[in-house]
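This report covers the salt bridges, the strands and a charged surface patch of one protein model. The sequence and structure come next.

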Amino acid sequence: MRRLLEKISGLFSNRSKVGIDKAGNKYFTRNEEVDGVMKEKRWVIFKKEEDPTSIPVEWICWLNGQRKKAPTPEEMMELEARRERVRQNVAVLKKEEQERIAKEGTKGKRVSTGKTSGPDLKSFIQQFPVPSEGNDVQESPSTTGGLRNPQKSLAEKTKDQSESSEATGSGASFRPGTWQPPT
């Protein structure tokens with residue numbers, strides 16, 4: 001009970017006001033000893049109801065310890081002016097986009113409904129040759145871009161593996177390599 005009273009009295013006695021934001025929320029800090037280590041405690045007292053969404057980003061960063069110094073009123077004014085410029089730019093861009101869409105609509109072009117369509121698979125499929133009756137399509141390494149041929153014969157694969165001095169596979173497919181002493 002005594003510790004609780006000390007904490008309550010300490011909350012009011014050694015706190016220092018750091019700042020106030022545009023919404024009227026007040027920010028405080030105090031140094032407190034926790035397990036023998038001095039730590040800085042930071043908190044906010046809301047002007048009206050407790051609405052965490054009313055806290056500006058800069059103050060949230062300060063409360064979470066992501067910034068060491070509290071935001072200054074000058075900094076807050078600069079950032080608010082910058083945010084207003086961004087809002088105005090977004091409004092201009094939206095207006096230009098609406099005008100462009102309206103202009104394209106009068107020319108008989110298709111207007112998007114906001115849904116995105118999938119990729120054009122017809123052009124993708126046309127890139128691959130189709131084998132005719134009984135004839136397999138053979139591609140040279142230059143047409144495949146030097147990619148590995150997935151239909152490589154099993155004999156070539158085992159030949160490549162047998163030439164290797166490295167162990168291959170795992171579990172039941174493990175093949176020990178051929179070790180040679182260094183020369």
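Glu 104 counts as partly exposed, at 25% relative accessibility; the term covers values between buried (under 20% relative accessible area) and exposed (over 50%), with a 1.4 Å probe and protein chains only.

The model is predicted: local features need pLDDT of at least 70, side-chain atom pairs count only at pLDDT 80 or more, and totals for chains, interfaces and linings use all residues. Residues are numbered from 1 along each chain as its sequence is written, and side-chain values use heavy atoms, with hydrogens and water left out.

The structure holds 9 salt bridges. One of them joins the side chains of Lys 22 and Glu 80 at 3.9 Å, N to O. Lys 22 lies in the loop between β1 and β2 and Glu 80 in helix α3 (residues 73-106), so this pair ties together parts 58 residues apart in sequence. Lys 22 is exposed at 73% relative accessibility, whereas Glu 80 is partly exposed at 27%.

Another salt bridge links Arg 67 and Glu 75 at 2.9 Å, N to O. Arg 67 is partly exposed at 22%, and Glu 75 is partly exposed at 25%.

## Strands

The protein has 5 helices and 3 strands; helices (H or I, at least four residues) and strands (E, at least two) are DSSP runs numbered from the N terminus. Strand β1 (residues 16-20) pairs antiparallel with β2 over 4 bridges, and β2 (residues 26-34) is joined antiparallel to β3 by 9 bridges. Pairing requires that DSSP finds at least two bridges between two strands.

Phe 28 of β2 is the bridge partner of Lys 17, and Trp 43 in β3 is the bridge partner of Phe 28. Lys 26 stands opposite Ile 45 in β3.

## Positive patch

Lys 17, Lys 26, Lys 47 and Lys 48 gather in a surface patch of positive charge. Such a patch takes residues with over 30% relative accessible area and no salt bridge, with like charges joined within 9 Å. Lys 47 is found in the loop between β3 (37-45) and α2 (57-63), and is exposed at 58%.

Definitions and conventions:
Patches are made of residues with over 30% relative accessible area and no salt bridge: like charges are joined within 9 Å, nonpolar side chains (Val, Leu, Ile, Met, Phe, Trp, Tyr) within 5 Å. Accessible areas come from the Shrake-Rupley method with a 1.4 Å probe; for residues, only the protein chains shown count as cover. A salt bridge is a side-chain nitrogen of Lys or Arg within 4 Å of a carboxyl oxygen of Asp or Glu. Lys and Arg count as positive and Asp and Glu as negative; His and the chain ends are not counted. The place of a charge is taken as NZ of Lys, CZ of Arg, CG of Asp or CD of Glu.
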